[in-house]
Amino acid sequence: MAAAAAKPCPCAGVVAVTDDWRVAVVWTRKGWASFPKGKRAWSGETITACALRELEEEANIQLTPADLLPGLAAIERNAVGDGIVACLFALGVPGHALHADGDPDGVVARVAWVPLAELAAQRWRTPQRKTMVRDVVAYLENRREAYSFR
């Protein structure tokens, strides 16, 4: 995954992966795919807290910091290019029903589990995000055998 400039990270999200290698994806009302993510709610909110809050708001997935892989994040520039987005990883997430009822901004139109093999084919907004998604898929594919789930 690409290195990013030393700017503050105003946004965070989670690449949530089930034990059968499906990934939580949200689609905006304009049809763009994304991992559940969003802006920090206040300046003191940590990246981890922001990522977990956004995951719950946008996809109804409740995790704790202990569920995240330590030291691993996919980094990209945000859509307007004035900052970066850090997406943390969680593997072995229960594949329960997803919904975006808690999305306070109302930008999420749909949320679903997407098989890892179909992830790159979704409609991602920017070339940088497409590259990040390809990197995420390659990372997960290369490590599939190494992870054993509960």
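A salt bridge here is a side-chain nitrogen of Lys or Arg within 4 Å of a carboxyl oxygen of Asp or Glu. With that rule, a search of the whole structure turns up 5 salt bridges. Keep in mind that this is a predicted model.

Let me start with the charged pairs. Asp-20 and Arg-22 form a salt bridge through their side chains, at 3.0 Å from N to O. Asp-20 has a relative accessible area of 44%, so it is partly exposed. Arg-22 is at 24%, and that also counts as partly exposed. The cut-off for buried is under 20%.

Now compare another pair. The side chains of Glu-45 and Arg-53 meet in a salt bridge at 2.8 Å, N to O. Both of these residues are buried. Arg-53 also has a salt bridge to Glu-54, at 3.0 Å, N to O. Glu-54 has a relative accessible area of 5%, so it is buried. Which residues end up in one network? Glu-45, Arg-53, Glu-54 and Glu-57, joined by salt bridges that share partners.

Next, helix α2. It runs over residues 127–143, which is 17 residues. At 1.5 Å a residue, the helix should span 24 Å. Its end C-alpha atoms are 24 Å apart, so the two values agree.

Which residues of α2 are buried? Arg-129, Met-132, Val-133, Val-136, Val-137, Tyr-139 and Leu-140. They cover an arc of only 165° around the axis, so they lie on the same side of α2. Pro-127 and Asn-142 are on the other side, and they are exposed.

The largest nonpolar core has 25 residues. Which of its members touch the most others? Val-15, Phe-35, Phe-89, Leu-119, Val-136 and Leu-140. The elements giving two or more residues to this core are β1 (11–18), β2 (22–28), β6 (84–93) and α2. The largest share comes from α2, with 6 residues.

Take Leu-140 up close. It is one of the buried residues of α2. What does Leu-140 contact, leaving aside neighbours within four places in sequence? Val-17, Trp-21, Phe-89, Leu-91 and Leu-116. Phe-89 is also among the core members with the most contacts to other members.

Notes
Residues numbered from 1 in each chain as written. Predicted model: local features only at pLDDT ≥ 70, side-chain atom pairs only at ≥ 80, totals over all residues. Heavy atoms only, no water. Buried < 20%, exposed > 50% of the residue type's maximum accessible area, 1.4 Å probe, protein only. Helix = DSSP H or I, 4+ residues; strand = E, 2+ residues; numbered from the N terminus. Expected span 1.5 Å × (residues − 1). Arc of directions from axis to C-beta. Core = buried A, V, L, I, M, F, W, Y, C linked by side-chain atoms within 4.5 Å. Contact = heavy atoms within 4.5 Å.
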